[in-house]
Amino acid sequence: MRTMPDHSTSADVAPLLRVRDLTVPLPGGERPYAVRDVSFDIARGEILCIVGESGSGKSISAGAIMGLLPHHLTPERGEILFDGVDLLRLSETEMLARRGRQIGMIFQEPMSALNPTMRIGDQIAEVMAVHGTHPGPARRKRVLDLLDLVGLPDPATLQHVYPFRLSGGQRQRVVIAMALALEPALLIADEPTTALDVTTQAQILALIKRIQARMGMGVMFITHDFGVVADIADRIAVMEKGVLVEQGRATEVLDSPRHPYTRHLIAAVPTGRAVPRGVTVEDAPLLAVRNLIKTYTTSGGPFRPKRVVPAVCDVSFEVRRGEALGIVGESGSGKSTIGKCLLKLQGIDGGEIVFDGQDIAPLSQAAFRPQRRRLQMIFQDPFASLNPRQTVGRILTDGPVAGGEARAEAMARARTLLDLVGLPASALERYPHEFSGGQRQRVGIARALALQPDLIVADESVSALDVSVQAQVLALLKDLQKRLGVALVFITHDLRVAAEVCQRIAVMHRGCLVEYGPSAEVLGASREDYTRRLIEAMPGRAWDARRQPASAA
Amino acid sequence: MSGFARRFLRNTGAVAGLMILAAILVVALAAPLLFPDSPWMMVADPLILPFQDGQYPFGTDMLGRDIGAGLAYGARVSLMIGAVSTAVAVLAGIAIGAAAGYHGGWVDDLLMRVTEFFQTIPQLAMAVVLVAILTPSIGSIVAAIAIVSWPPVARLVRGEFLTLREREFVQAAVVIGQHPGRIMLTQILPNAMSPIIITASLMVATAILTESALSFLGLGDRNMMSWGFMIGASRTMLREAPWMSLMPGVAILLTVLAINLIGEGLNDALNPQLRHRGED
Amino acid sequence: MSAGSPITGAAPAQAPKATPTLDHTPAQSVLPQRVPSMALARFILAKLVKGVLVVLCVVVVNFFLIRLAPGDPASIMAGESGSSDPNYVAQLRTQFGLDRPLPVQMATYVLGVVRFDWGFSYRMKLPVLQLILDRLPATLLLMGSAFVFSVLLGIFLGVIASRTRYTGRRRWLDSLIVGGALLLYATPLFWLSLLMIVLFSVELGWLPAFGMETVGAGLTGWSRVLDITTHLVLPTVSLGSFYMAMYVRLTRASMLEVMGMDFVRTARAKGVAAPAVIRRHVLRNALLPVVTFSGIQLGQLAGGAVLTETVFGWPGIGRLMFDALMQRDYQLLLGVFLLTSAMVVVFNMLTDVIYRVVDPRIAFEGGR
C-alpha cells in the first residue's frame, strides 16, 4: 500500500528533504523490510510528524537520513535528497560534514544521551570544534547563548556541570542546544518528549516550536502520541509496519483520516473527557487510607549521614466497592509508592490502611498473607511482570494453589479466566515470551482475577502499551470492573486515561494529594493550580475539543 | 531449551571446547584400562624421547616413569578437583548469596563483609597457606580451592536476588500470597541460574589452574599423579629434557581452554540479547 | 562484561551507572558545589578503618590456621616437628601463652603482630618481619613492572580489537587478539615461565633466567640498572601475561558496551568522526571501570608472584614463601601471607581513592 506524497506544500520550490522509495531490508527480522518504499518531503520551515506504533520503522527512517543505521541495516533502494544531494550516495567523510552542521538530531532518552564524564559546556562546544566554526572566545560565548536559548538557568555556571546533575528535562534541553548549535537546516527529533513528564513535555514542545519558527528549520518529528502530533505538526505521515500508509496536512489527517489504520489509531486515543458510566457503587468504603506517610531513607554508613526523602506525606482517600479511583501524578509524585504501600510491598511510616474494616498496616507479612487474595495488583511492565520460566498455566494457578486450592481445580478455572480476558485456552501451555505485550498484560489481569479479589491496584498498567493495544486493554479493564463489581485503584501519569476509566480522581504532586474528587469535576472545573497546569500541559487539547462531537456520537 | 542448544552448537569455539573436554574425559575415565600400572611405577629406561618408543609414545621421565600414564592419571585428578571444588564453592556461594540477597538488612551486611574479606585476601597465597598448614591431601586441596573461590558466586547470587526481588513477577508472587521460601526456589532461583552456570563453568577452569599451581609448588596429594606435579618435578631437567614439562603443560592448557570456550559458549547461548548489544 | 575471573575472585568491573536524578530536583542543586574536602577526608578515613579491620581479620585467621593444623601449635610455629630445637618450642609456648585460655592466646597473638613482633624464623635465624622487609623491594619492583606491562598492553590490545569491531575493518585483527588472549588466559603461569626460559635463555641465550642481578659482577650505577632490567624482562612477562589477557578481554567488552550507548550515537549525530568518537567519548567511559578493576587486581599479582619468583629465583617475598613452604617454616609462611594481604588492602584503598577523585559521579555520591 503506497500513497503518493503530498506535493501541495512543495510543488513550486524544491523541498529541503526529499525521500523517495526508501527501502531497508531487515535481515532475520519478523518481516523482510524494516521500511519499504517510503517517500515523503520536508520543506523549509515545516514540521512533519511521522506517527506510528513501536516497530513501524519510524526511527529507522531517521537513522537512514543521518547515516547512523546499525551495521546490519543497509538501505537497499531509494534516495534521500537533501538540498538536492543524495545522502545515500555520500561517503562517510561527506556525511560527517553534514551531521550536526546541516542536520541536527534529538533523541528519546535524555538520561543517557549525554556523555556522563564530560562537562555539558564542552559537549556543546564539541559540535563547533568538530565543524571548525566559532573559533576562539566566540565558541564559549555561543555555548552560553545556546544554554540561554534553550531556557536553562545560569548558563555561566551550568556549562561546567556534569550531566548527572541535571533532570531529564534539563538534559533534553542540553541535547537540543547541541543539535541547534550550528543552526542546521533540518532537525530530526526522535520521540524527544516520550521519556518526559507531561509538564516538561509541554515546555520542550513549546521550545522546539519557538526555535523552529525563529530559525526557519525543517523538522522531522517522530512520535507515537497523537496529542503531540496535533499540537506541533504542519503535516503528518503515518507509518505501519515499515510502510507509509497515509500522509497529508495535519488537520486533514487528524480530522478526516482516510486510511483504515489511521482511523483505527485515532479512534484509540482517549479524549480526556470524564465518561459517566453506570456502575453501582456502595456508600460504605471498601478501602480507607488515612494520613498515609512514607519516607525513604538512603542507607548511611558509619561515616556517612543518612538522607531522608519524603515520598508520601499525609495522604487520605477512600475507595468504595465497585468504584474506580484514579491516582494521577508525574514521576516522583509518590503515586506508585502508594500502590506498593496498599499491597504491603513496602512498609509505611505512619497512618492507617483500613481494608474492609480492618487496619492492615500493622499486620506482619505472615499475618497478612491469608488476606492477600482479596487485594490484587496489575503491574506496569508486561515483559517483567511474568516469570519467563513458567507457563501461563503455572502463573495463573500459583496464587490459588498458595491459597490451598488443588492445582487441577485452579487449572480448570484458569481456562475460563483466559476466555474472560480474551485469550485462547491453548495459552495455558505456553511461555510468556510467546505472547505480545498486550496479550501478556491480559495474562497479568487474569492472574489478578484468579483470586477473585475485592480490590485491584493497577500501576501504570497500560502505559507501556502501544496506543491501539492500550485502548483494547482499557476496554477490557472497564468491562471486567463493571461485570465483576471489583474496586479499582488506577495509578497513571495520564489524565486522559484516568478520565476514561475512573469515577473519581486523586491528583498527586511531590508526595501530597493536591486534589481529590469526581473525575468530571477534577478535569472540568479544577480548583487547584497544579491540576490546571497538568491539564493545560496535556498535548492535543485543541484537537480534543474539535474531536468531542465525533466521539460522543 | 532447543533454542539454547541451537545457539550453543552454532558457536564453533564452544563445540570445539566440548569435543576436547570429552576426549580428555574419556582418557581420564579409561586411564586404568590404558595404563594398568601405577603412573608412579618405573616401567622403562629413563628419559626416552617422545615418539621414539612405540610402547611409550609420550616418553619417560628421569626415573623411567611413563609420561603417558602420568598424563592420563593427571587428567583424573585435574577434572575431579575442578569439578568437586567448584561444586562445593557454588553451593556455598548460592546459600550465602541467597540468604544475603533475600533477607537483606544486617544479615546481608554481615555476609557481605565476610565475602569481601575473602575476596580481598590474595587467593593463591591463601590456598597455598591453607594446603600447607592442613597438610597436602586431596581433601585439603579441594577445601582450599573451594574456600578461595566461593565469594564471586555469593556476590553474583546476591546481586541477582537483589535485582530479581524487585522485579515485577516476584512482587506478583508476593501479592498472590506465595511463601518466601517458595518464591526463592520457584521464582528467583530459576531466573538466576544462567549467570551461575556461566560462572561455575569458568570456575572449573580456574580451579584446575590453581590445583596445578599447588602441585607445582609441591603441595599436591602424594598419592595422586598430577600435571602440575609433573611440571614441577621436571623443572630440574629443563635444559636436558624440556619435553617432560612441555606435555603436561599442553594438557593443562587444552583442558582449561576447552572449559573456557564452553563457558563463553554458554554465556552467548544463555544471554542471546547481550551478545548482540554493541556488537552490531 | 564477561564474568569476573574466578582465579582472582574479584567481581567483574561494571560501568558505573548514572545516578538517577529526582525529577523535582530544586533548581539550585544544578549549580556545581565543590566537593567538600571534608567528605573526601571522611571517605579516606572510612576506607582506612575498613582496611585495618581486614588486616586484623587476617591476623585472626592466621591464629586459627595454626590451631587448625594437626599437632602442637608451638612445634608447628617452630617449624618441622621433631627436628626443631625443644628450647625454642618451649619459648614459643610461654610467649604465646599456649597454656592459657583461647581468647587470651588470641589477644596475645594479635597484640604481638600489631607490635610488629611477627615471630622468629628458626631456620633463617632472623626475625620474620626483617626477612620479609628485606625481600619486599624486589617483589614490589616485579609487581610494579608486571602491572604496568599487563595494564598498558592489555588496554592497548583491547582498544585495538574493539576498534576493528566498531569500524568494521580488519576484523581478523580482533579475532587474532581475542584468540591470543583466550590462549594466554588458559596458560598456567609457571609453565609459561619455564617455556620462556627454555626459549629465551637456554636456546637463544638472550636473557638471563635466574635471579635479580648478575651475581658477583659488582655492577654499580646505570650498568646495574640495566643488569636488573634484563633480569626483570622474563619474570615480568610471565607474571603479567595472564592479567594482560584478562585486561584485553575486559577492555574489549567494556569498549563494545560503551560503543552501544546512547551518548555515543549523540556524538556521531554531532558529526564527530569515528576515531574522535572513540578517543573523546568511548575511551574514558570504558576505561574507568577497567582501571579500577586493574587496581584491585594489582594485589592479586602478589599471589602469582609466588610462582614467578619460584621459577626465576627472584629474591622477593614470593620466593621467600616458597622457601618457607619447603622448610615448613610456618611463622614465616603466615608472615608473608599477612604482608601480602596488607599489600592488597593498601592497593585497593589507593584505587578507591583515585577512582573517587577521577569519576565526577562517584565524587558527588559520596562513595559507593
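**Close-up views of a predicted three-chain model**

**View 1. Glu126(A) is buried, with a relative accessible area of 3%.** Buried means under 20% relative accessible area, exposed over 50%, and partly exposed in between (1.4 Å probe, protein chains only). The model is predicted: local features need pLDDT of at least 70, side-chain atom pairs count only at pLDDT 80 or more, and totals for chains, interfaces and linings use all residues. Residues are numbered from 1 along each chain as its sequence is written, chains are lettered from A and ligands numbered from 1 in the order in which they are written, and side-chain values use heavy atoms, with hydrogens and water left out.

Glu126(A) forms a salt bridge with Lys270(C), with 2.8 Å between the closest N and O atoms. (A salt bridge is a side-chain nitrogen of Lys or Arg within 4 Å of a carboxyl oxygen of Asp or Glu.) The pair crosses between chains: Glu126(A) belongs to helix H3 (residues 120-131) of chain A, and Lys270(C) to the loop between helix H9 (262-269) and H10 of chain C. Helices (H or I, at least four residues) and strands (E, at least two) are DSSP runs, numbered from the N terminus. Lys270(C) is buried as well, at 4% relative accessibility. Over all chains, the structure holds 38 salt bridges.

**View 2. Asp454(A) and Arg374(A) join in a salt bridge.** Their side chains meet at 2.7 Å, N to O. The two residues are 80 residues apart and link distant parts of the chain. Asp454(A) sits in the loop between helix H15 (437-449) and strand E17 (455-459) of chain A. Arg374(A) sits in the loop between helix H12 (365-368) and strand E16 (375-378) of chain A. Asp454(A) is partly exposed, with a relative accessible area of 21%.

**View 3. Asp108(B) and Arg158(B) form a salt bridge.** The N to O distance is 2.6 Å. Asp108(B) lies in helix H4 (residues 105-120) of chain B and Arg158(B) in helix H6 (residues 138-166) of chain B, so this pair ties together parts 50 residues apart in sequence. Is Asp108(B) buried or exposed? Asp108(B) counts as buried, at 8% relative accessibility. Arg158(B) is partly exposed, at 21% relative accessible area. Back in chain A, salt bridges that share partners join Arg321(A), Asp356(A), Arg374(A) and Asp454(A) into one network.

**View 4. Chain B meets chain A.** The contact (heavy atoms within 4.5 Å) involves 19 residues of chain B and 27 residues of chain A. Between them the chains bury about 2000 Å², 54% of it on carbon and sulfur atoms. Buried area is the accessible area (1.4 Å probe) that two parts lose on being put together, summed over both. In chain B, Glu168(B), Val175(B) and Ile176(B) lose the most area to chain A, together 34% of what that side buries. How many salt bridges does the rule find across this interface? It finds zero. Twelve residue pairs are in polar contact, both at pLDDT 80 or more. (A polar contact is a pair of N or O atoms within 3.5 Å; within protein, one must be able to donate a hydrogen and the other to accept it, and residues adjacent in sequence count only if both atoms are side-chain atoms.) Helix H7 (168-175) and helix H8 (180-216) of chain B each supply at least two residues of the side that touches chain A. H8(B) supplies the largest share, seven residues.

**View 5. Chain C meets chain B.** Here 56 residues from chain C and 49 residues from chain B take part in the contact. The buried area is about 4700 Å², and carbon and sulfur atoms give 77% of it. There are two salt bridges between the chains. In a salt bridge, the side chains of Arg249(C) and Glu264(B) meet at 3.1 Å, N to O. Elements giving two or more residues to the side of chain C that touches chain B include helix H1 (37-68), helix H8 (221-259) and helix H12 (330-358) of chain C. H12(C) gives the most, with nine residues.

**View 6. Asn62(C) is buried in chain C.** Its relative accessible area is 1%. Asn62(C) is placed in helix H1 of chain C. Leaving aside neighbours within four places in sequence, Asn62(C) is in contact with Tyr109(C), Leu334(C), Phe337(C) and Leu338(C).

**View 7. Helix H3 (residues 86-95) of chain C has Tyr88(C), Val89(C) and Leu92(C) as its buried residues.** They cover an arc of only 100 degrees around the axis, which puts them on the same side of H3(C). The arc is that of the directions from the helix axis to the C-beta atoms. Pro86(C), Asn87(C) and Thr94(C) are exposed on the other side of H3(C). Gly97(C) follows H3(C), with a positive phi near 55 degrees.
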